[in-house]
Amino acid sequence: MVAATAPVPVRYAIGDLQGCQDALERLLARIPDATELWLAGDLVNRGPRSLDALRWARDACEGRVPGLTARTVLGNHDLHLLAVAAGIRRPHRSDTLDAILEAPDRDALLDWLRRQPLALHDGPWLMVHAGVLPQWNVDTTLALAAEVQAVLSGPRWRDFLAAMYGNHPARWDDALGGADRLRVIVNALTRLRLCTADGEMEFATKDSAATPPAGFMPWFDVPGRATRDVQVVFGHWSTLNLMLRPDVVCLDSGCVWGRALSALRLADRHAVQVDCPECAAPA
């Protein structure tokens, strides 16, 4: 007898949910062939159903959603939730995290969330929430993301969160250690939009990529960046909308601002979107 081969998973990548669970449910109804999901992070915050979105993502990643498996990376809003829950950061006026913070399963959800990775890689695809510094190749990116995941999963995760915030150092150096090293990794993978050719990061600009400050450019446009041999999938930069380039894919199409939630079937780059009028968050 010839042993049966396992079916090839049909993988879709999905952009920032930010608590827009109704839109996700509509999107999933439009991709019934999906058997595996990669989620680009920012599972929660600003949308109306952050608790439901977090519970769904946890269940999907743990194999408790029939017919689906999922993996996620962490985004800056996910880290913000952990910091608020730990008493390290105050909630923002636009946060929609109270239902999570008051939920009976709060601790289990937060414990699951802080153990998730900051980067995923399989074959030609690399997923991060925001960006990759130009001098990091795939192996370096995965190794540095694993450093953060190890600390965030460990017993001193609150100490890590307390030292995580800040814009400096603004560029990577292999000699960095301690909190500075981890801060640069987190900022690159969860906040990066613009940098210089040598990787100095800029965080003030959040609008279009068309008019960056002098000397800065979108991280994916740096000539000769070390991840040019893979296709990088990311979210975070909603003003880019759904951007499909041969080398990079941006999947944050601004669902939380009332625009659209996007999914991309990675095998053939077939894109599916649903409108998100109910998710429009205040600016």
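Contact here means heavy atoms within 4.5 Å. The model is predicted.

By that criterion, and leaving aside neighbours within four places in sequence, Ile14 is in contact with Leu24, Leu27, Leu28, Ile31, Leu37, Trp38, Leu39, Ala40, Leu251, Leu261, Ser262 and Ala263. Ile14 is also, with Leu37 and Leu261, among the residues with the most contacts inside the largest nonpolar core, which has 85 residues. Helix α8 supplies the largest share of this core, six residues. Another core, of twelve residues, lies apart from it and includes Leu120, Trp125, Met127 and Val233. In soluble globular proteins, nonpolar side chains tend to be buried together.

Helix α8 covers residues 178-191, and its end C-alpha atoms are 19 Å apart; this agrees with the 20 Å that 14 residues should span at 1.5 Å a residue. Ten of the 14 residues are buried, so that α8 is mostly covered. The buried set runs from Arg181, Leu182, Arg183, Val184 and Ile185 to Val186, Asn187, Ala188, Leu189 and Thr190.

The crossing of α2 past α5 is left-handed. On α2 the contact is made by Leu51, Leu54, Arg55, Ala57, Arg58 and Cys61, and on α5 by Leu109, Trp112 and Leu113.

Methods:
Residues numbered from 1 in each chain as written. Predicted model: local features only at pLDDT ≥ 70, side-chain atom pairs only at ≥ 80, totals over all residues. Heavy atoms only, no water. Helix = DSSP H or I, 4+ residues; strand = E, 2+ residues; numbered from the N terminus. Expected span 1.5 Å × (residues − 1). Buried < 20%, exposed > 50% of the residue type's maximum accessible area, 1.4 Å probe, protein only. Core = buried A, V, L, I, M, F, W, Y, C linked by side-chain atoms within 4.5 Å. Left-handed = near helix turned anticlockwise from the far one by under 90°.
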